[in-house]
Amino acid sequence: MTQSIVITAEHASNAVPKSLPSELRARFAESGAVKALASHRGFDAGSLELARALARRFDAPLVAATCTRLVVDLNRSLHHRALFSSFMDGLDAPAREAIVDAHWRPHRERVERELTEALEQRRPVLHVAVHSFTPELDGDVRTMDVALLYDPQRPLEKALADRWLGAFATRRPDLVLARNRPYRGTADGLTTHLRGVWGPDAYIGIEVEINQRHVVSGRGGWQRLVADVVETLAEAEGRRDVRRH
Ligand SMILES: [Zn+2]
(Lines give C-alpha, C1' and ligand atoms only; values in the text may rest on other atoms or scores of the structure.)
Protein backbone atom coordinates (compact mmCIF):
# COMPACT_ATOMS: atom_id res chain seq x y z
CA MET A 1 0.00 0.00 0.00
CA THR A 2 3.05 2.26 -0.09
CA GLN A 3 2.51 5.27 -2.30
CA SER A 4 3.96 8.72 -2.81
CA ILE A 5 2.80 11.33 -0.32
CA VAL A 6 2.42 15.10 -0.65
CA ILE A 7 1.65 17.19 2.47
CA THR A 8 -0.03 20.59 2.37
CA ALA A 9 -1.25 23.13 4.94
CA GLU A 10 -3.53 25.78 3.48
CA HIS A 11 -4.06 27.59 6.79
CA ALA A 12 -0.56 27.26 8.23
CA SER A 13 0.24 30.95 8.59
CA ASN A 14 -1.30 34.06 10.09
CA ALA A 15 1.24 36.34 8.42
CA VAL A 16 0.14 39.51 6.66
CA PRO A 17 2.37 39.62 3.57
CA LYS A 18 4.74 42.56 3.26
CA SER A 19 3.89 42.73 -0.43
CA LEU A 20 0.31 43.77 0.40
CA PRO A 21 -0.47 47.43 -0.44
CA SER A 22 0.06 49.60 2.63
CA GLU A 23 -3.61 50.62 2.91
CA LEU A 24 -4.51 46.92 3.19
CA ARG A 25 -1.71 46.18 5.63
CA ALA A 26 -3.02 49.02 7.80
CA ARG A 27 -6.36 47.23 8.16
CA PHE A 28 -4.57 44.43 10.00
CA ALA A 29 -2.96 46.80 12.51
CA GLU A 30 -6.31 47.61 14.13
CA SER A 31 -7.08 45.83 17.39
CA GLY A 32 -9.99 43.76 16.05
CA ALA A 33 -7.84 42.49 13.21
CA VAL A 34 -4.88 41.75 15.47
CA LYS A 35 -7.20 39.65 17.63
CA ALA A 36 -8.64 37.87 14.60
CA LEU A 37 -5.17 37.11 13.24
CA ALA A 38 -4.19 35.43 16.50
CA SER A 39 -7.39 33.35 16.59
CA HIS A 40 -8.74 30.43 14.56
CA ARG A 41 -9.95 33.00 12.07
CA GLY A 42 -6.37 33.91 11.20
CA PHE A 43 -4.88 30.43 10.85
CA ASP A 44 -5.08 26.78 11.91
CA ALA A 45 -3.02 26.62 15.10
CA GLY A 46 -0.71 23.61 15.17
CA SER A 47 -1.22 22.71 11.52
CA LEU A 48 2.25 23.79 10.40
CA GLU A 49 3.92 21.78 13.14
CA LEU A 50 1.90 18.67 12.31
CA ALA A 51 2.44 19.11 8.56
CA ARG A 52 6.21 19.40 9.10
CA ALA A 53 6.24 16.27 11.25
CA LEU A 54 4.38 14.33 8.55
CA ALA A 55 6.67 15.62 5.79
CA ARG A 56 9.75 14.62 7.81
CA ARG A 57 8.45 11.16 8.65
CA PHE A 58 7.50 10.31 5.07
CA ASP A 59 10.23 12.30 3.34
CA ALA A 60 7.40 14.05 1.51
CA PRO A 61 7.24 17.51 -0.05
CA LEU A 62 5.42 20.10 2.07
CA VAL A 63 3.52 23.02 0.58
CA ALA A 64 2.47 25.38 3.38
CA ALA A 65 0.71 28.73 3.26
CA THR A 66 2.76 31.81 4.08
CA CYS A 67 -0.21 34.18 4.19
CA THR A 68 -3.20 34.41 6.54
CA ARG A 69 -6.56 33.26 5.22
CA LEU A 70 -7.92 36.66 6.29
CA VAL A 71 -6.13 38.00 3.19
CA VAL A 72 -7.11 35.14 0.88
CA ASP A 73 -8.24 31.61 1.74
CA LEU A 74 -6.12 29.04 -0.13
CA ASN A 75 -8.69 26.35 0.64
CA ARG A 76 -11.51 28.11 -1.21
CA SER A 77 -12.29 28.16 -4.90
CA LEU A 78 -12.03 31.44 -6.76
CA HIS A 79 -15.81 31.64 -7.05
CA HIS A 80 -16.44 30.97 -3.33
CA ARG A 81 -17.87 33.90 -1.39
CA ALA A 82 -15.51 33.21 1.53
CA LEU A 83 -12.38 33.43 -0.64
CA PHE A 84 -11.80 36.88 0.86
CA SER A 85 -12.60 37.78 4.48
CA SER A 86 -14.49 40.86 5.61
CA PHE A 87 -11.12 42.53 6.20
CA MET A 88 -10.77 42.69 2.42
CA ASP A 89 -14.16 44.34 1.87
CA GLY A 90 -14.37 47.02 -0.76
CA LEU A 91 -11.50 45.82 -2.96
CA ASP A 92 -12.00 46.27 -6.67
CA ALA A 93 -11.50 43.42 -9.13
CA PRO A 94 -7.88 44.28 -10.09
CA ALA A 95 -6.88 44.46 -6.40
CA ARG A 96 -8.47 41.07 -5.75
CA GLU A 97 -6.82 39.59 -8.81
CA ALA A 98 -3.42 40.89 -7.66
CA ILE A 99 -3.83 39.12 -4.31
CA VAL A 100 -4.94 35.91 -6.01
CA ASP A 101 -1.89 36.05 -8.32
CA ALA A 102 0.54 36.77 -5.48
CA HIS A 103 -0.67 34.20 -2.94
CA TRP A 104 -3.47 31.89 -4.04
CA ARG A 105 -2.17 30.79 -7.44
CA PRO A 106 1.43 30.05 -6.36
CA HIS A 107 0.20 27.72 -3.59
CA ARG A 108 -2.35 25.94 -5.77
CA GLU A 109 0.09 25.59 -8.66
CA ARG A 110 2.88 24.25 -6.49
CA VAL A 111 0.58 21.63 -4.98
CA GLU A 112 -0.47 20.51 -8.46
CA ARG A 113 3.17 20.42 -9.58
CA GLU A 114 4.21 18.25 -6.62
CA LEU A 115 1.30 15.89 -7.24
CA THR A 116 2.11 15.70 -10.97
CA GLU A 117 5.74 14.86 -10.22
CA ALA A 118 4.76 12.23 -7.66
CA LEU A 119 2.35 10.66 -10.16
CA GLU A 120 5.10 10.42 -12.75
CA GLN A 121 6.95 8.15 -10.30
CA ARG A 122 4.13 6.06 -8.95
CA ARG A 123 0.35 5.85 -8.79
CA PRO A 124 -1.68 6.61 -6.80
CA VAL A 125 -0.46 9.64 -4.87
CA LEU A 126 -1.68 10.39 -1.34
CA HIS A 127 -2.32 14.06 -0.59
CA VAL A 128 -2.68 14.84 3.12
CA ALA A 129 -3.98 18.37 3.76
CA VAL A 130 -3.43 19.34 7.40
CA HIS A 131 -5.95 21.51 9.25
CA SER A 132 -7.18 22.24 12.76
CA PHE A 133 -10.57 23.47 13.97
CA THR A 134 -11.76 25.59 16.86
CA PRO A 135 -13.44 23.58 19.68
CA GLU A 136 -16.50 25.83 19.53
CA LEU A 137 -17.91 27.77 16.59
CA ASP A 138 -21.05 29.92 16.90
CA GLY A 139 -22.24 27.90 19.90
CA ASP A 140 -21.59 24.55 18.20
CA VAL A 141 -19.31 22.50 20.48
CA ARG A 142 -17.13 20.05 18.55
CA THR A 143 -16.47 17.02 20.72
CA MET A 144 -14.29 15.11 18.26
CA ASP A 145 -10.54 15.21 18.74
CA VAL A 146 -9.33 14.06 15.33
CA ALA A 147 -11.28 13.81 12.10
CA LEU A 148 -10.53 12.70 8.57
CA LEU A 149 -12.33 14.36 5.66
CA TYR A 150 -12.57 12.51 2.36
CA ASP A 151 -14.96 11.57 -0.43
CA PRO A 152 -16.85 8.42 0.65
CA GLN A 153 -17.53 7.69 -3.05
CA ARG A 154 -13.81 7.17 -3.67
CA PRO A 155 -12.85 3.64 -2.60
CA LEU A 156 -9.13 4.34 -2.06
CA GLU A 157 -9.90 7.35 0.12
CA LYS A 158 -12.42 5.47 2.19
CA ALA A 159 -10.06 2.48 2.56
CA LEU A 160 -7.18 4.66 3.73
CA ALA A 161 -9.44 6.52 6.17
CA ASP A 162 -10.61 3.13 7.53
CA ARG A 163 -7.03 1.94 8.07
CA TRP A 164 -5.84 5.25 9.51
CA LEU A 165 -8.76 5.66 11.93
CA GLY A 166 -8.52 1.98 12.85
CA ALA A 167 -4.87 2.38 13.79
CA PHE A 168 -5.76 5.56 15.67
CA ALA A 169 -8.55 3.93 17.65
CA THR A 170 -6.15 1.20 18.77
CA ARG A 171 -3.41 3.63 19.74
CA ARG A 172 -5.62 6.28 21.36
CA PRO A 173 -8.86 4.73 22.64
CA ASP A 174 -9.30 7.84 24.81
CA LEU A 175 -9.90 10.11 21.80
CA VAL A 176 -13.10 10.77 19.86
CA LEU A 177 -12.49 10.15 16.16
CA ALA A 178 -14.77 11.28 13.34
CA ARG A 179 -15.27 11.14 9.59
CA ASN A 180 -16.33 14.08 7.48
CA ARG A 181 -16.99 16.30 10.48
CA PRO A 182 -17.00 19.14 11.36
CA TYR A 183 -16.89 19.60 7.57
CA ARG A 184 -17.71 17.32 4.67
CA GLY A 185 -14.75 16.11 2.64
CA THR A 186 -16.62 16.95 -0.54
CA ALA A 187 -17.31 20.59 0.40
CA ASP A 188 -15.49 23.35 -1.46
CA GLY A 189 -11.75 23.04 -0.89
CA LEU A 190 -8.41 22.10 -2.36
CA THR A 191 -8.92 18.32 -2.21
CA THR A 192 -12.35 18.67 -3.82
CA HIS A 193 -10.78 20.69 -6.64
CA LEU A 194 -8.00 18.13 -7.12
CA ARG A 195 -10.51 15.28 -7.37
CA GLY A 196 -11.69 17.06 -10.48
CA VAL A 197 -8.15 17.03 -11.87
CA TRP A 198 -7.29 13.37 -11.17
CA GLY A 199 -9.48 10.30 -11.01
CA PRO A 200 -10.03 8.05 -7.99
CA ASP A 201 -7.27 5.60 -8.97
CA ALA A 202 -4.61 8.34 -9.22
CA TYR A 203 -5.45 10.81 -6.47
CA ILE A 204 -6.22 10.10 -2.82
CA GLY A 205 -7.09 13.33 -1.01
CA ILE A 206 -7.52 13.28 2.77
CA GLU A 207 -7.86 16.25 5.06
CA VAL A 208 -6.80 15.66 8.65
CA GLU A 209 -8.53 17.97 11.13
CA ILE A 210 -7.29 18.33 14.71
CA ASN A 211 -9.27 19.93 17.52
CA GLN A 212 -7.32 23.04 18.54
CA ARG A 213 -7.89 22.37 22.22
CA HIS A 214 -5.05 19.83 21.90
CA VAL A 215 -2.70 22.43 20.49
CA VAL A 216 -3.12 24.64 23.53
CA SER A 217 -3.41 21.82 26.06
CA GLY A 218 0.23 21.93 27.08
CA ARG A 219 3.25 20.76 25.17
CA GLY A 220 3.28 17.15 26.30
CA GLY A 221 -0.24 16.37 25.12
CA TRP A 222 0.21 18.13 21.81
CA GLN A 223 3.57 16.51 21.04
CA ARG A 224 2.05 13.14 21.78
CA LEU A 225 -0.87 13.79 19.45
CA VAL A 226 1.48 14.87 16.63
CA ALA A 227 3.37 11.59 17.03
CA ASP A 228 0.08 9.67 17.11
CA VAL A 229 -1.10 11.20 13.82
CA VAL A 230 2.24 10.51 12.15
CA GLU A 231 2.68 6.95 13.38
CA THR A 232 -0.90 5.86 12.74
CA LEU A 233 -0.58 7.04 9.14
CA ALA A 234 2.68 5.08 8.91
CA GLU A 235 0.80 2.05 10.14
CA ALA A 236 -2.08 2.62 7.71
CA GLU A 237 0.47 2.99 4.93
CA GLY A 238 2.36 -0.16 5.92
CA ARG A 239 5.49 1.85 6.71
CA ARG A 240 5.66 1.10 10.37
CA ASP A 241 9.20 -0.32 10.19
CA VAL A 242 10.58 2.16 7.72
CA ARG A 243 11.68 4.63 10.36
CA ARG A 244 14.21 7.10 9.09
CA HIS A 245 15.57 8.32 12.41
ZN1 LIG B 1 -8.04 24.82 7.81
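## A tour of the salt bridges

At 49% relative accessibility, Asp174 is partly exposed (partly exposed lies between buried, under 20% relative accessible area, and exposed, over 50%, with a 1.4 Å probe and protein chains only). The model is predicted, so local features need pLDDT of at least 70 and side-chain atom pairs count only at pLDDT 80 or more, while totals for chains, interfaces and linings use all residues. Residues are numbered from 1 along each chain as its sequence is written, and side-chain values use heavy atoms, with hydrogens and water left out.

Arg172 is buried, at 7% relative accessible area. Side chains of opposite charge can pair when their charged atoms come close.

Next, select Arg142 and Asp140. Here the closest N and O atoms of the salt bridge are 3.6 Å apart. Which partner is buried? Arg142 is, with a relative accessible area of 6%. Asp140 is partly exposed, at 43%.

Now move to Glu237 and Arg239. This salt bridge has its closest N and O atoms 3.8 Å apart. Glu237 is buried, with a relative accessible area of 0%. Arg239 is buried too, at 12%.

Then select Arg171, Arg172, Asp174 and Asp228 together. Salt bridges with shared partners link these residues into one network.

Last, zoom out. How many salt bridges does the structure hold? It holds 15.

Methods:
A salt bridge is a side-chain nitrogen of Lys or Arg within 4 Å of a carboxyl oxygen of Asp or Glu.
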